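Me: I'd like to learn how to read a fold from its model. Can you walk me through it, feature by feature?

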Amino acid sequence: MSTTMEVTNKYVTLKSHIDGSKPQESDFELKTATLRLSIEQGSGSEDVVLKNLYVSVDPYQINRMKTVSSTQKLVSSAERITPGQAISAHGIGIVVASKNPEFKKDDLVVGLINWEAYTIVKGGNTLRKLDPMGFPLSYHLGVLGLSGLTAYAGFFEVCKPKKGEKVFVSAACGSVGNLVGQYAKLFGCHVVGCAGTKQKVELLKGKLGFDDAFNYKEETDLKSTLKRYFPDGIDIYFDNVGGKMLEASVANMNPFGRIAVCGVISEYTTKEGRGAPEMIDVVYKRLKVQGFLVVDYLKSMDDFFSTTWNYLKDGKIHVLEDISNGVESIPSAFVGLFHGDNVGKKVVKVGDE
């Protein structure tokens with residue numbers, strides 16, 4: 001491919017901010033623009049032009065799509081999205097042209113790109129070279145990427161498990177939850193997960209090896225449900241949903257239990273159903289309740305990668321990923337996250353090597 005050619009770049013934008021409701025495909029627009037696959041000589045820039053191969057699709061992005069969210073000013077990765085502009089996301093690409101000495105043509109890279117076919121990465125400083133290590137590229141957005149690191153750091157560093165402890169994981173078929181449960185089982189814990197369909201429950205108890213699982217949509221009293229699955233109490237709760245599930249979990253926690261708050265998807269799009277945990281339980285049970293972001297644990301990347309790589313190589317971790325194809329499928333892939341459509345890590349393949 002000549003570095004001077006032009007292409008029609010397809011990209012996804014937001015029509016207007018999404019407030020107080022679940023996203024719909026009609027909230028997005030597929031646009032095109034002509035993009036020159038070269039960088040001007042002598043421009044002084046260290047920009048990198050990528051052909052994108054895979055992009056990550058994650059629920060937290062909905063908070064970037066709101067007119068106002070408290071999250072938008074706390075970390076740069078949560079900054080508000082401007083309607084009409086390309087939407088940044090984690091992804092994998094191949095270098096088409098580069099003025100950055102760290103990257104050359106045909107290098108595979110992973111980092112912050114956009115929901116589009118090609119991305120010009122200013123300065124190239126949000127990218128790193130990617131060695132697939134014999135695994136599919138998509139794994140490096142999921143089990144070997146930030147989803148995996150989130151699960152690993154949240155479980156081992158936030159929750160600090162002990163062998164034999166009883167662990168509850170919500171959204172256990174999601175990109176993070178399924179890995180938390182697998183790490184916990186491999187570590188020697190008793191693990192129960194919840195999900196939203198019979199098929200997902202069977203997957204958790206079967207292929208993924210959870211000790212038990214239940215469909216939360218079939219339960220009317222979550223506190224009683226958790227008491228039934230944890231008659232001796234919960235030591236660790238890995239929370240991906242917030243709301244009433246957090247409230248019920250606090251009621252069933254053992255003294256000195258740990259709660260890692262990774263996500264609150266039940267509260268992203270509505271104020272209804274928000275939980276109100278008994279704070280007196282938090283005090284008298286001496287519970288540790290900690291929110292965390294994966295960016296706080298990048299120092300653990302090497303330990304995480306080597307441990308998970310070995311588990312994968314030995315067939316001890318099963319990979320759950322849900323892959324759609326084409327830039328035009330990104331809106332439906334994103335919307336589906338809020339209806340429980342995905343099983344495992346949601347990724348969109350937007351190009352071929």
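Reply: Start with two terms: helices (H or I, at least four residues) and strands (E, at least two) are DSSP runs, numbered from the N terminus, and two strands pair if DSSP finds at least two bridges between them. Keep in mind that this is a predicted model, where local features need pLDDT of at least 70, side-chain atom pairs count only at pLDDT 80 or more, and totals for chains, interfaces and linings use all residues. Residues are numbered from 1 along each chain as its sequence is written, and side-chain values use heavy atoms, with hydrogens and water left out.

Me: How many helices and strands does the protein have?

Reply: There are nine helices and 15 strands. Six of the strands form an open sheet in the order 10-9-8-11-12-13, with parallel pairing.

Me: Which strands stand at the edges?

Reply: Strand 10 (212-215) and strand 13 (288-291); each has a single partner strand, so one side of each lacks a neighbour in the sheet. For angles, axes are lines fitted to C-alpha atoms, for helices over the stretch in contact, and the angles run from 0 to 180 degrees between N-to-C directions. Ignoring direction, neighbouring strands here are turned by 15° against each other on average. Strand 9 (residues 190-195) pairs with strand 10 in the parallel sense over four bridges, and Ala195 has Asn215 in strand 10 as its bridge partner.

Me: What packs on the sheet?

Reply: Count a contact as heavy atoms within 4.5 Å. Helix 2 (residues 146-158) packs there, touching strand 8 (166-169), strand 11 (234-239), strand 12 (253-261) and strand 13, and its direction makes about 150° with that of strand 11. Helix 6 (residues 243-252) also packs on the sheet, touching strands 8, 9, 11 and 12, with its direction at about 155° to that of strand 12.

Me: What about overall size: what does the C-alpha trace span along its principal axes?

Reply: About 70 × 45 × 35 Å. The radius of gyration is taken over C-alpha atoms, and the globule rule is 2.2 Å times the number of residues to the power 0.38. For 353 residues a compact globule would come out near 20 Å, and the protein's 21 Å agrees.
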